Amino acid sequence: ITFVAAFLSHIVCVFIEERAGLGSGNYDLILKIIIRLTVCVLIPNVLYLLFYFKTNEFKLILQKIKYLKNVRNNRVKKKTSALSASEKNLLSSLRMALTSQKPQKLKKCKSELINEASSHAVVPLLYDVIDKEDSEEKPSIDILQRETDKTVWQSYHLLFESARLCNCLKDSGIKCAILKGCAAASFYPVPEYRKSGDIDILLCEPTESDRAVEVLSKMGYKVSEEQLALHQIVMSSKTGIEAELHIMLSEPFDNSKINNYLNGLLKDISDHIIYKEIMGISVPILDDDYQAYELLLHMLQHFLRRGFGLKLLCDWVVYWNEKTKDEIPGFITRYKQLIKESEIGGFSDMISSVCYHYLGLSEKAVLALLVKRKTPVSKEDANLFIREVLDGGEFGDKDEWRMVMLRGKGIGALVIEFHHQMNLNFPKAGKIFLLWPVLWTLTLIKFLRNNRKLRGKSSLKIIKKTGERSALMEKINIWK
């Protein structure tokens, strides 16, 4: 076999050199070396593979390579996924706060705990599980007190304003519902502790967006100059309150099937709006199955971008612990049907499993919620996901190199995401096939310019970070 490989390699090299007309000059000599190196690597190894790949010795070599690769991957996983002491403390503290367990001993208000909680906008949730009489930690206790006071005041302020805006839209004949915010807060042991930054209003009829803008404009709101998303219109009041008018259930994904599915759901959304009294104020929200589905969509949307923090996982825990406290609700069947039809069962299972392992989601709730599995995701895989959440902080702000999450590995996944970003930047022009080369160029220029001038970051490092984060997608199987 070695003789045959050598003979064939020689014949092929001579043939290529003669056809290329290579002589004895320095440049020709370099080309000959490159040609012979390439041929002598390819032909012998292809022949050895053809003759030996079925032998036991070859299979043993493959097993050893796989073993060494797994050892290396496990070392990397252990190194990158290990939780720090402050992270473990934060997760256990939140678990205590969300499940209303009476702690035998209140947590010390360590500065590391407050700093970690602050990056996830969950400081007020710790208020009732912190020892506020510890004089040694007074600076941290003062921060805890200020953050909680501010959040409680803001919660009422945004609640009253949410009700006012919805009532004015209703009086104008525009059907709407509050998303997240006070709707999610209503399931917490103390709703005022759930921090919100703006008001999210879903319009049941997207065609009513112009009229809705007109109504809010008369109430002192102004359309923001920069609109960063296709699925909402951002408006700001003179006092700094930001209201987002959602005309879709979510920003478009790079999956046409789920986008069409979401558009279909929006047509019937008005039949799934109820009024709920929250902290003494009645506001319109989505009913049970649609509210749970929208909470998951919100997490998925941010996960595929820069990520999201612990606050959204906390929403998931209190919602489902409350709903499954007595018995499994009937609407959970409809919720799981929405998940299956959207093909995001893997993501739903991962979220529920992570909340079960780390934040106190009950075993009863997680088993009822599983869509593609019979048992929760292993703690090892859940650890990779919670690591992603902890590293990103509130909507990925903790990690400055984050941008998007690819749906797979390699250049193909990068191209798919790049094309998706082109469609988001140019939604109308992107439908014209002949314009794609121009739009791709403009998207690339925008990407490079924003990284260098606005973010001051290296585009190559951002792409590398994107690839590292995307390894988690194999554990989730979105769109499958």
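This is a predicted model: local features need pLDDT of at least 70, side-chain atom pairs count only at pLDDT 80 or more; totals for chains, interfaces and linings use all residues.
Visitor: Let's start with helix α2. Why does valine 46 count as partly exposed?

Guide: Valine 46, found in helix α2 (residues 26-52), has a relative accessibility of 45%. Partly exposed covers what lies between buried, under 20%, and exposed, over 50%, so at 45% valine 46 counts as partly exposed.

Visitor: On to helix α5. What makes its buried residues line one face of the helix?

Guide: The buried residues of α5 (residues 111-118) are Leu113, Ile114, Glu116 and Ala117. Looking down the axis of α5, you find them within an arc of 165 degrees, so they line one face. Among the elements that cover them are α4 (85-98), α6 (138-171) and α15 (379-392).

Visitor: Now the charged pairs. How do you know that arginine 194 forms a salt bridge with aspartate 315?

Guide: The closest N and O atoms of arginine 194 and aspartate 315 are 2.5 Å apart. The cut-off is a nitrogen within 4 Å of a carboxyl oxygen, so the pair counts as a salt bridge.

Visitor: And why do you say that this pair ties together parts of the chain?

Guide: Arginine 194 lies in the loop between α7 (181-185) and β2 (199-203), while aspartate 315 is in helix α11 (residues 310-323), so the parts being tied together are 121 residues apart in sequence. Arginine 194 and aspartate 315 are both buried.

Visitor: What about lysine 257 and glutamate 343: what makes theirs a salt bridge?

Guide: Their side chains meet at 2.7 Å, N to O. With a cut-off of 4 Å, that is a salt bridge. This pair links distant parts of the chain, 86 residues apart: lysine 257 is in helix α9 (residues 256-267) and glutamate 343 in the loop between α12 (331-342) and α13 (345-358).

Visitor: Is glutamate 343 buried or partly exposed?

Guide: Partly exposed, with a relative accessible area of 22%. Buried would need a value under 20%.

Visitor: How many salt bridges does a search of the whole structure find?

Guide: There are 15. One of the pairs is glutamate 208 with arginine 211, at 2.9 Å between the closest N and O atoms. Glu87, Arg387 and Asp391 are linked in a network of salt bridges.

How values were computed:
Residues are numbered from 1 along each chain as its sequence is written. Side-chain values use heavy atoms; hydrogens and water are left out. Helices (H or I, at least four residues) and strands (E, at least two) are DSSP runs, numbered from the N terminus. Buried means under 20% relative accessible area, exposed over 50%, partly exposed in between (1.4 Å probe, protein chains only). The arc is that of the directions from the helix axis to the C-beta atoms. Contact means heavy atoms within 4.5 Å.
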